[in-house]
Amino acid sequence: EELLLHISRLESILDHLPFEVWLKDPDGKYLIVNKKVEEYIGKAKDQIVGKNDYDLYPEEAADFFVEGD
């Protein structure tokens, strides 16, 4: 229960930052995204988390993002 409270607080902090924040696993799948990422991509968190850039962007854009990671 205490861990869930800490996670909720962390998510709240991330969601109020004025820039995009994300965390990806070694395979490039999104683990955490904030509201600015949702706005940028135009999808809800549950539609982003677990996906990689090729699932979310056209191939040319995904190539650019993958190379920049």
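Where do Glu39 and Lys36 both lie, and how many residues apart are they? Both are in helix α2, 3 residues apart, which is about one turn of the helix. Helices here are DSSP runs of H or I with at least four residues, strands are E runs of at least two, and both are numbered from the N terminus.

Before going on, a word on what you're looking at. This is a predicted model, where local features need pLDDT of at least 70 and side-chain atom pairs count only at pLDDT 80 or more, while totals for chains, interfaces and linings use all residues. Residues are numbered from 1 along each chain as its sequence is written, and side-chain values use heavy atoms, with hydrogens and water left out.

Glu39 and Lys36 form a salt bridge, their closest N and O atoms being 3.7 Å apart. The term stands for a side-chain nitrogen of Lys or Arg within 4 Å of a carboxyl oxygen of Asp or Glu. Glu39 counts as exposed at 55% relative accessibility, and Lys36 is partly exposed, with a relative accessible area of 29%. For those labels, buried means under 20% relative accessible area, exposed means over 50%, and partly exposed is in between, with a 1.4 Å probe and protein chains only.

A search of the whole structure finds 3 salt bridges. Another one joins Lys45 to Asp15, with the closest N and O atoms 2.9 Å apart. Lys45 lies in helix α3 (residues 45–48) and Asp15 in helix α1, so this pair ties together parts that are 30 residues apart in sequence. Lys45 is partly exposed at 23% relative accessible area, whereas Asp15 is buried at 16%. The side chains of Asp15 and Lys45 also show up as a polar contact of 2.9 Å (a pair of N or O atoms within 3.5 Å; within protein, one must be able to donate a hydrogen and the other to accept it, and residues adjacent in sequence count only if both atoms are side-chain atoms).

Setting aside neighbours within four places in sequence, Asp15 is in contact with Val33, Asn34, Lys35 and Lys45, contact meaning heavy atoms within 4.5 Å. Helix α1 itself covers residues 2–15. Glu2, also in α1, is exposed, with a relative accessible area of 58%. From Glu2 to Pro58 it's 56 residues in sequence and 40 Å in space, C-alpha to C-alpha.

Next, the salt bridge between Asp53 and Lys24, whose closest N and O atoms are 2.6 Å apart. Asp53 lies in helix α4 (residues 53–56) and Lys24 in strand β1 (residues 22–24), so the pair ties together parts 29 residues apart in sequence. Asp53 and Lys24 are both buried.

Lys24 leads us to the strands. β1 and β2 pair in the antiparallel sense over 3 bridges; pairing requires that DSSP finds at least two bridges between the strands. Lys24 stands opposite Tyr30 in β2. The two strands form a hairpin with 5 residues between them, and Gly28 in the turn has a positive phi of about 85 degrees.

Tyr30 then takes us inside. The largest nonpolar core has 8 residues: Tyr30, Val33, Val37, Ile41, Ile48, Leu56, Tyr57 and Ala62. The elements giving two or more residues to this core are β2 (30–33) and α2 (35–41). Such a core is a set of buried Ala, Val, Leu, Ile, Met, Phe, Trp, Tyr and Cys residues joined through side-chain atoms within 4.5 Å. In soluble globular proteins, nonpolar side chains tend to be buried together. Leaving aside neighbours within four places in sequence, Val37 is in contact with Glu20, Val21, Trp22, Gly42 and Ile48.
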